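This report covers a helix packing, a residue within a helix and the aromatic pairs.

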Amino acid sequence: VGKMGKKAPDAVAALPGWEHLLRLVSDRVVEFGAQGLSNILWGAAMIRVPPSHPSLAVLTAACLARIDTFSPQALTNTAWAIATLHLPCSPLIAAIEAACLRELPQFNQQDLANTAWAMASLGALRAPLVGRMATAAVPLVASFRAQELANLAWALAVSRHADPQVTASLARAVHDGHRGYSSQCIATL
């Protein structure tokens with residue numbers, strides 16, 4: 001599903017095979033590990049599977065059952081997919097929040113920025129997660145790409161998180177890298 005979505009996200013949902021593939025995934029969901037589950041959800045978001053599709057309920061339930069085995073990337077992909085698909089799955093969102101708190105020391109720049117964006121989009125970026133993510137970002141922010149900076153800044157603003165050290169770090173990174181930013185990124189920042 002993920003590879004299909006990556007190749008042609010706008011065209012895939014119109015292909016007849018995606019329905020069969022998601023039914024197959026649902027039937028064999030117990031065979032997938034954490035990375036496989038998160039990749040499938042990510043792919044479902046890429047091909048814009050309708051949130052009411054029954055396979056998504058099966059996948060989110062499997063993610064919830066295995067959330068303790070998710071790597072930072074799997075947590076990030078899952079949170080992003082849930083936010084992108086607008087899935088109503090509060091227990092999984094709460095479990096992702098708890099897992100992020102536990103795994104945060106292993107998060108890289110992309111994990112921090114994308115997870116912050118996803119959780120803020122879901123209205124779930126709150127204390128203590130927002131504070132810990134912001135603090136974890138400070139030593140890494142100089143190496144953030146423009147879109148990662150924009151995602152993190154947006155998430156912190158939406159979550160009404162104000163921390164002078166984080167704000168100063170973001171401002172320095174924007175100042176130091178602004179020449180390479182697209183107009184869209186500058187507007188987001």
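## Terms and basis

Buried means under 20% relative accessible area, exposed means over 50%, and partly exposed lies in between (1.4 Å probe, protein chains only). The model is predicted: local features need pLDDT of at least 70, side-chain atom pairs count only at pLDDT 80 or more, and totals for chains, interfaces and linings use all residues. Residues are numbered from 1 along each chain as its sequence is written, and side-chain values use heavy atoms, with hydrogens and water left out.

## Aromatic pairs

Two aromatic pairs are counted (ring centres within 6.5 Å, the six-membered ring for Trp; planes under 30 degrees apart are stacked, over 60 edge-to-face, the rest tilted). For Trp 42 and Trp 80 the ring centres are 6.4 Å apart and the planes are at 35°, so this pair is tilted. Trp 42 belongs to helix 4 (residues 34-46) and Trp 80 to helix 6, so the pair ties together parts 38 residues apart in sequence. Helices are DSSP runs (H or I, at least four residues), numbered from the N terminus. Trp 80 is partly exposed, at 23% relative accessible area.

The rings of Trp 117 and Trp 154 also form a tilted pair, with centres 6.4 Å apart and planes at 35°. Trp 117 is in helix 8 (residues 109-121) and Trp 154 in helix 10 (residues 146-158). Trp 117 is partly exposed at 23%, and Trp 154 is partly exposed at 32%.

## Thr 78

Thr 78 lies in helix 6 (residues 72-85) and is buried, with a relative accessible area of 0%. Leaving aside neighbours within four places in sequence, its contacts (heavy atoms within 4.5 Å) include Ser 38, Leu 41, Cys 63 and Leu 92.

How values were computed: Helix = DSSP H or I, 4+ residues; strand = E, 2+ residues; numbered from the N terminus.
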